[in-house]
Amino acid sequence: MAETTIEKAKAALSDAQRVIILSHERPDGDAVGSLLALSLSLERAGKNVAPVLLEGVPSRFRFLPGADKVTSDIPSDGDLLIFVDTADIQRTGFPVETLPRQPDINIDHHPTNTDFAMINIVNHKASATTEILYDVIPQLDLEIDIDVATNLMTGLLTDTIGFRTDSVTPRTLGIASELVSLGAPMAEIYSRTLNQRSFVSAQYWGKGLNRLERENGILWTSLTIEDRKVVGYSGSDDADLVNLLATIEGNQVVLIFIEQIGGKVKVSWRSRPGVDVAEIAFSFGGGGHEQAAGATIEGNMQEIKERVLTATRRSISPSPEEYA
Ligand code: 5GP
Ligand code: MN
């Protein structure tokens, strides 16, 4: 009988002592939650684990158990290299040639995942990578204790924006219920990761809200390096402004353009069900989900805005057959 993917992962793990785990740059709650949940469960099984994020753990997630163990330097060697919530090998932000070995295991839920590892545990239907890990951790004979449960819950809550996305299934809610039974403090995680904002973030949002534009079902705005400097915002992201814009009625697609250092712009798309923005993001070298996708594109703000808005308009306008 052919060895299943899980059996292969189990065998790889049993041979390994030093395990390196990576996730994507500008990590969200699912990236951090997946990284920490798997790290803690492996550590408790006696493995030597190095959880690594290019920019470390964002302050919003530093309350999570295990967050203090994350480093921003990859060990120069290890027995196993695992990626979580990472659609492709470039997404960690580390130059690929600096990775200490070929990818061994890839655990993810993005439809744009490129199956880049030896062992790929990818389920596009899962609402979060932590939803997959909820099954995979026990299948690998590892334990879900209260700390692991807390991290798994963080991925579920943040990737579904508080169970508000179409990706939420009865299974997602069943897992959430189990995690609460295991002691995961859902209300606290909800409040810390989804509700609380710093004063500086609100001022940063103000810059973007002042520049809102809307045309034919597309709503967009931009944030610049100068905005961050003026308000004193230390991240390089949008402080989640795109998810606020997505609550504004009457739009098919919402976009945000975030200027980055080094002549690049990070673009985030959000869409109504039925409009697939993952494809557009993929065409710009990014990826994501049908209703939430992103890409980092080289070039200046004005030029990228024009290119991206043109592609987005094209993708939502009815095709000729629909007029027939
Ligand atoms: P956000 O726009 O909030 O950063 O991300 C929305 C979704 O798109 C997330 O699932 C995120 O992982 C994915 N995503 C964002 N940027 C990129 C990118 O540059 N490449 C890929 N493959 N996925 C991205
Ligand atoms: Mn995710």
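This briefing describes strand pairing, helix packing and selected backbone angles in the structure above. The model is predicted. It contains an open parallel sheet of 5 strands in the order 2-1-3-4-5. Helix 11 packs through its buried residues against strands 7, 8, 9 and 11 and helix 10, while helix 4 has 12 of its 14 residues buried.

**The parallel sheet**

- The open sheet has 5 strands, ordered 2-1-3-4-5 and paired in parallel.
- Strand 2 (48–52) and strand 5 (119–122) are at the edges; each has a single partner strand, so one side of each lacks a neighbour in the sheet.
- On average, and with direction ignored, neighbouring strands of this sheet are turned by 15 degrees against each other.
- Helix 1 (residues 5–14) packs on the sheet, where it touches strand 1, strand 3 (80–84), strand 4 (105–108) and strand 5. The direction of helix 1 makes about 125 degrees with that of strand 5.
- Strand 1 (residues 18–22) pairs with strand 2 in the parallel sense over 5 bridges, and within this pair Ile-20 stands opposite Ala-50 of strand 2.

**Antiparallel pairing around strand 9**

- Strand 8 and strand 9 pair in the antiparallel sense, with 8 bridges; Ile-258 is located opposite Lys-266 in strand 9.
- The hairpin formed by strand 8 and strand 9 has 3 residues between the strands, and in it Gly-262 adopts a positive phi near 85 degrees.
- Strand 9 is also joined to strand 11 by 7 bridges, and these two strands run antiparallel. Lys-264 stands opposite Glu-298 of strand 11.

**Helix 11**

- Helix 11 (residues 301–316) has 16 residues, which at 1.5 Å a residue should span 22 Å; the end C-alpha atoms are 22 Å apart, in agreement.
- Its buried residues are Met-301, Ile-304, Lys-305, Val-308, Leu-309, Ala-311, Thr-312 and Ile-316. They cover an arc of only 165 degrees around the axis and therefore lie on the same side of helix 11.
- These buried residues pack against strand 7 (218–223), strand 8 (253–260), strand 9 (264–271), helix 10 (278–283) and strand 11 (292–298).
- At the start of helix 11, a side-chain oxygen of Asn-300 comes within 3.1 Å of the backbone nitrogen of Gln-302.

**Helix 4**

- The 14 residues of helix 4 (residues 146–159) should span 20 Å at 1.5 Å a residue, and the distance of 20 Å between the end C-alpha atoms agrees with this.
- Helix 4 is mostly covered, with 12 of its 14 residues buried; among them are Val-148, Leu-152, Met-153, Leu-156 and Asp-159.
- The cover over these buried residues includes helix 2 (29–44), helix 3 (129–139), helix 5 (170–181) and helix 6 (186–195).
- Asp-145 caps the N-terminal end of helix 4, with a side-chain oxygen 3.1 Å from the backbone nitrogen of Asp-147.
- After helix 4 comes Ile-161, with a positive phi near 45 degrees.

**Positive phi in loops**

- Asp-115 is a residue other than glycine with a positive phi, near 50 degrees. Asp-115 lies in the loop between strand 4 and strand 5 and is partly exposed, at a relative accessible area of 46%.
- Asn-216, also not a glycine, has a positive phi near 45 degrees. Asn-216 is placed in the loop between strand 6 (213–215) and strand 7 and is exposed, with a relative accessible area of 68%.

Notes:
Residues numbered from 1 in each chain as written. Chains lettered and ligands numbered in written order. Predicted model: local features only at pLDDT ≥ 70, side-chain atom pairs only at ≥ 80, totals over all residues. Heavy atoms only, no water. Pairing = 2+ DSSP bridges. Helix = DSSP H or I, 4+ residues; strand = E, 2+ residues; numbered from the N terminus. Axes fitted to C-alpha atoms, helices over the stretch in contact; angles between N-to-C directions. Contact = heavy atoms within 4.5 Å. Expected span 1.5 Å × (residues − 1). Buried < 20%, exposed > 50% of the residue type's maximum accessible area, 1.4 Å probe, protein only. Arc of directions from axis to C-beta. Polar contact = N/O pair within 3.5 Å; in protein donor to acceptor, adjacent residues only side chain to side chain.
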